[in-house]
Amino acid sequence: LCEFRLPLSPEELLKSGGVNQYVVQEILSIRNLPSQLRAFQAAFRAQGPLAMLEHFDTIYSILHHFRSIDPGLKEDTLEFLIKVVSRHSQELPTVLDDEALSVSVRSAHLNALKMNCYALIRLLESFETMSSQTSLMDLDLGKGKKARAKTVHGFDWEEERQPVLQLLTQLLQLDIRHLWNHSVIEEEFVSLVTGCCYRLLENPTISHQKNRPTREAITRLLGVALTRYNHMLSATVKIIQMLQHFEHLAPVLVAAVSLWATDYGMKSIVGEIVREIGQKCPQELSRDPAGAKGFAAFLTELAERIPAILMSSMCVLLDHLDRENYMMRNAVLAAMAEMVLQVLNGDQLEEAARDTRDQFLDTLQAHGHDVNSFVRSRVLQLFTRIVQQKALPLTRFQAVVALAVGRLADKSVLVCKNAIQLLASFLANNPFSCKLSDTDLAGPLQKETQKLQEMRAQRQAAAASAVLDPEEEWEAMLPELKATLQQLLKLPQEEEILEAIAKTETSEDVKARIHQLLARASYKQAILLTREALGHFQESESFSHMDPEDSEEARFLNLLETIFKGPAASTQENSQGPAGNTGPEQTVCEDKPSASEPGKAREHDELVKQEMLVQYLQDAYSFSLKITEAISIISKMMYENTTTVVQEVIEFFVMVFQFGVPQALLGVRRMLPLVWSKEPGVREAVLNAYRQLYLSPKGDSARAKAQALIQNLSLLLVNASVGTIQCLEEILCEFVQKDELKPAVTQVLWEQATEKAPCSPLERCCSVMLLGMMARGKPEIVGSNLDTLVSIGLDEKVPQDYRLAQQVCHAIANLSDRRKPSLSKRHPPFRLPQEHRLFERLREVIIKGFIYPDPLWIPFKEEAVTLIYQLAEGPEVICAQILQGCAKQALEKLQEKSSTQEGPKNTPMLPTSLLMNLLSLAGDVALQQLVHLEQAVSGELCRRRLLREEQEQKTKDPKEKHTGSETALEEEMGLAGG
């Protein structure tokens, strides 16, 4: 009603009784709002922020009628409230520092603060609701004008949100708790301020890049509430709820939580959120897949941001690995992988961290066999990242490679694809060698293993012969032993008896104990035990035969020397008395030579190095065997129906070939037929693979690169089938048409073909083959050097190289269009005269080789007859001459055989090879004659008929009726003189 000019005033409407009284009152209230706002502004200038206490009803009315009031009034209200709250935040520090502040003033400022914040926040939410509704309308109506959300004054709410949030943050950073009794802020006030933040986060556009300042402002505001106002419990509950209902919030909340945990020191909120997620029951997650998806995305991205903080809470998430929801399993596994990559990486890990890393990797490997294909695929992806960043311990290489090879037989296409990617990553990041060949590694491994065994045998022999002489040992220990004995003899005997003798011990047992104590340099215990044995075994020969004339010190030393040098020395290592085994000092001496023995230390270091070398070669050999096994499996996947799998297989073989694995060449050849694939992605993948493998060879100069390229392509032609050659020809034709082959390649090929560059006969033949393949893309490569090709393969030497001659014919054949001529072509097909040197040489070579039993003559003759029918004018004449020449030789040979036979009844016999050659030649000529009639002659007749019809149409025009002549027509048709 307010938007229309009514014929009657509201008062008159009220008197008429035609309108409800409440409606009229609302109209009057809305019409009075501008004047009320101006009154509030005047009061604010006079009283300051406390004016809100008297004029709160004005703001409340504006909020109540927000949808109905004028947009300008809304904007003015927002601007005014921002001024009120800003001024209040500037005055509050002075108020809070006043120790003599009265209770009434403090209460007034508290009420004003509540009213100001309530009004500003409710106005913010009203604008946000209106903006969200406008965005939904724009989506429903299609892409409208971008200024739809803006008013005529240029007001844009998305730009106005951030200052409001910054103002609230500034207000909360003040020590406003002193405004409340006992400095305890009401929870409702904190919920009021933080609730608007969560309301803004619900907007789906909050995750857009343009709203990044707003997101940061919300994060800072909530961070202040967490650190100063005990908002952690409410924030945890709210975050869990929002993750369940809003899919777009996972990355936004991850950024916020990671900032709170790092910059604001609120690490405990991570544990609280993770604990709540870990306690979610499986049934709830099964009923709410959207919530499970949100939790999974949150955990995955949180692990990428703050893996060290999240790792302390991982124990509460482990239960999800045994539950049904695969998204949660993927999230927990991804978190483990991030911790391995960012926290548990490196060689300087402590024992506890290393154990944690091993447990995480064990869990990842175990879930490589998960029942869900998405989990298996995710595990392979995670291992791919770990391998690419070189975070996988070398001790796990074989196990993870075996896992990837085993997953190649998975029924899921996605798992197979990721298994291939993992194996490719292993190849690209393997620590062994740039070239992996089990045949090349087997020899060095065997050699170094044998060397290690010899070194160990020498060390054992040296250790066995390195037993010290007891006399030398006694001389070394005598000075210290004598000094210890002198000190003990001065002490009372009863105070120093520390070594007791058991009742079951014999004198020999005690002697063994004394010997062990002396060997361990425990001189004091050895002397005390000897003193005790002298009184205990008085009747024993070992302890009773002592010279009484010697001093006590001499008697002790003689007795100890007898014990140490006696037969007990031979049982030093085997005897075990009550005193225990040999001390750790002896073990250290045996395992690690001391620095005083540089020769032994050097031998020990060399042995350790050799063991490391053998272990390295063993790991490399095992790795190459696994890669070879994978190649045989992956090569069978080359012709799968899934395009992505085929593309991954092609990329894998490219990488394997670059690492020098011999079996990779079979895969490179096997992918050649895919160039005819109807899938553009597969065909392009094959072309890109051959570009990568052959068009960028290593070399210092253009010629060196060309030679390397030719050598690599020639390897593909060795023992290649006809189909393989045709596929390679298609690829080279594509490269030539796009000018991707450098001119140096063509130059080197001609040099090898003409023997200007040294090469073997096989290399020369391959060069001619490659020239012929390239001529299909650019016929001028052969057309400009036709005479040279004829002299190369069809010279007059004997015996003739029919393999080279066959390839020359095949190369020259690319000068003609093998397809049926198009009816729209007016020009006659390309033909050479019968007298051309090419046909003369072909006729002579065929006839001369007819009588020789060379198996290569037949395929050459077939290619030559085909070439004659493709390029010669009147090919039947040339082939007739060839048949006559060969038949004449066969007849002469028959006559020669008949003249040498005796008797009238003997039938003349013709050699089988000649008869076979003659019938084969006749069959080839007959077949090519049929093809010639079907294609060349039929196409030419159609072309001439079309030309005749066009000429007849022209002659019907009076102006051109007498301009034509039969002779001109025949010349145009190619009949004159033909």
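This is a predicted model: local features need pLDDT of at least 70, side-chain atom pairs count only at pLDDT 80 or more; totals for chains, interfaces and linings use all residues.
View 1. Glu 844, by contrast, counts as partly exposed, at 35% relative accessibility. Both residues belong to helix H38, which covers residues 837-849, and they are three residues apart, about one turn of the helix.

**View 2. Salt bridge between Arg 943 and Glu 940 in helix H41.** The closest N and O atoms of Arg 943 and Glu 940 are 2.5 Å apart, and the two residues form a salt bridge. Both lie in helix H41 (residues 912-955), with a spacing of three residues, about one turn of the helix. Arg 943 counts as buried at 6% relative accessibility, and Glu 940 counts as buried at 14%. Elsewhere, salt bridges that share partners join Arg 683, Glu 730, Glu 734, Lys 738 and Arg 776 into one network.

**View 3. Side chains of Arg 357 and Asp 358.** Arg 357 and Asp 358 meet through their side chains in a salt bridge, with an N to O distance of 3.5 Å. Arg 357 is buried, its relative accessible area being 11%. Asp 358 has a relative accessible area of 24% and is partly exposed. A search of the whole structure for such pairs finds 32 salt bridges.

**View 4. Packing of helix H31 against helix H32.** Helix H31 comprises residues 702-717 and helix H32 comprises residues 722-737; their axes lie 10 Å apart and the helices pack at an angle of about 150°. Because angles over 145 degrees count as roughly antiparallel, this description applies to H31 and H32. On the H31 side, the contact is made by Leu 713, Leu 716 and Leu 717, and on the H32 side by Ile 725, Leu 728 and Leu 732. By residue class, the contact of H31 with H32 consists of six nonpolar residues, with no polar and no charged ones.

View 5. Ser 425 is part of helix H19, which runs over residues 413-428. This serine counts as buried, with a relative accessibility of 7%. When its neighbours within four places in sequence are left aside, Ser 425 is in contact with Thr 384, Val 387 and Gln 388. For Cys 416, the relative accessibility is 7%, and this cysteine counts as buried.

**View 6. Cys 117 and the cysteine sulfur nearest to it.** A disulfide is a covalent bond between the sulfur atoms of two cysteines. A search of the whole structure finds zero disulfides. Cys 117 accordingly takes part in no disulfide, and the nearest cysteine sulfur, belonging to Cys 196, is 9.6 Å away. Cys 117 is buried, with a relative accessible area of 1%.

Terms used: Residues are numbered from 1 along each chain as its sequence is written. Side-chain values use heavy atoms; hydrogens and water are left out. Helices (H or I, at least four residues) and strands (E, at least two) are DSSP runs, numbered from the N terminus. Buried means under 20% relative accessible area, exposed over 50%, partly exposed in between (1.4 Å probe, protein chains only). Contact means heavy atoms within 4.5 Å. A salt bridge is a side-chain nitrogen of Lys or Arg within 4 Å of a carboxyl oxygen of Asp or Glu. A disulfide is a pair of cysteine sulfur atoms within 2.5 Å. Axes are lines fitted to C-alpha atoms, for helices over the stretch in contact, and angles run from 0 to 180 degrees between N-to-C directions. Angles under 35 degrees count as roughly parallel, over 145 as roughly antiparallel, 65 to 115 as roughly perpendicular and the rest as oblique. Ala, Val, Leu, Ile, Met, Phe, Trp, Tyr, Cys and Pro count as nonpolar, Asp, Glu, Lys and Arg as charged, and the others, Gly among them, as polar.
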